[in-house]
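Dear colleague,

My notes on it follow below.

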Amino acid sequence: MRNKKVIFAILACALCSCQAPVVETSSEASLSSEARVYEAFGSYTAQQVEEICRTYAERIGSSVPDEYYLKFDFGTYGNMHVNALKHESPGFADLCMIEPYSVAGYHICDFPYPSYDMNVWIEGEGSFDLETLYLQRKITDEDIRSIMAKAEELRVREHKTFDTKAESFRFSFTWGAANSMSYNSESGLITIRGMNNKYTASFTYPNLNELYEKVKALDIYSYADVFYPYLQYGGIRPYQTPAVFYTIEIGLEVGSKRIAGDDCVHRGYGVPENTIPQGKKFLDLVFEIEDTIENSDEFKSIEIPEDDQIRLI
């Protein structure tokens, strides 16, 4: 997936203003022929900066630590220094496609991909991946929220709050293998997709105000747009075939928030106690919506001819 993003980023840059030829400055030219002189950054000494760049390069398998530069400091949590590095290679333009960076379902910030990358440095131990430390419970949910707040302060993450009023609350929901079922609260329509046709029924979602309060409590703008909600502490990722997908979109106007739970197991398996908080909150919500719709008389009234039913196994 990351390789595909790199290709897309390169194509995007070929079409935007950053495609201009790169003229090597005298300082860049000297970097290509002389050893880099590391400089202090914020509270980091020049020696610490060199150690951060070197250990980061080792972690990602790069042999050129001199091409990595500290650009952002997201704070220190215990002995863990969270920062971001930029890859600067003499003679090459920066990739300009902005991509969201997320950790275990949390939308952390937005960076030009893959020029920038998040990093955690522990003095005397080296460089670590932020999500790995989170799944090991070394970085906490409180730490993650502080990192997100710092990203907003540094203007690499847009601050958004859920300000939809209860009386104007609308949502759309898709679920099932291959997203074969959907519901739109504005149109009041349940839709099930067959092999060749679509089958519908009108349905008014009950207790919409209660659902509104639950969505409001979800803090939807802290979520990544796409994530794997069954991810557990320690990194366990249960799968099933065929996969189930859950997508909820809040507010059907421009600027709406869409969250997609990708490649899930069926709700009959439940939510493991060890599931990460972002995943558990999301699954609890979508399971409730799914149960409400599928247990309705309207949903049960939809009949799909056997020869038009989607069969994925």
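Predicted model: local features only at pLDDT ≥ 70, side-chain atom pairs only at ≥ 80, totals over all residues.

**Helix H5**

The buried residues of H5 are Asp143, Ile144, Ile147, Met148 and Ala151. They lie on the same side of H5, because they cover an arc of only 140° around the axis. An α-helix has 3.6 residues a turn, so residues three or four places apart point the same way. The packing partners of these buried residues are strands S1 (68-77), S2 (80-87), S3 (98-103), S4 (106-112) and S5 (116-122), together with helix H4 (130-135).

The length of H5 (residues 141-153) also agrees with expectation: at 1.5 Å a residue its 13 residues should span 18 Å, and the end C-alpha atoms are 18 Å apart. Just after H5, Arg155 has a positive phi of about 65°.

**Gln48**

Gln48 sits in helix H3 (residues 46-60). Its relative accessibility is 18%, so Gln48 counts as buried. Leaving aside neighbours within four places in sequence, Gln48 contacts Ser43, Trp121 and Glu123.

**The seven-stranded sheet**

An open sheet of seven strands runs in the order S10-S9-S8-S7-S12-S13-S11, with mixed pairing. Strands S10 (198-202) and S11 (226-227) are at the edges; each has a single partner strand, so one side of each lacks a neighbour in the sheet. S10 runs antiparallel to S9 (residues 189-193), joined by five bridges. Thr191 has Thr200 in S10 as its bridge partner. Helix H7 (residues 277-294) packs on the sheet, and its direction makes about 90° with that of S7.

Regards

Terms used
Residues numbered from 1 in each chain as written. Heavy atoms only, no water. Helix = DSSP H or I, 4+ residues; strand = E, 2+ residues; numbered from the N terminus. Expected span 1.5 Å × (residues − 1). Buried < 20%, exposed > 50% of the residue type's maximum accessible area, 1.4 Å probe, protein only. Arc of directions from axis to C-beta. Contact = heavy atoms within 4.5 Å. Pairing = 2+ DSSP bridges. Axes fitted to C-alpha atoms, helices over the stretch in contact; angles between N-to-C directions.
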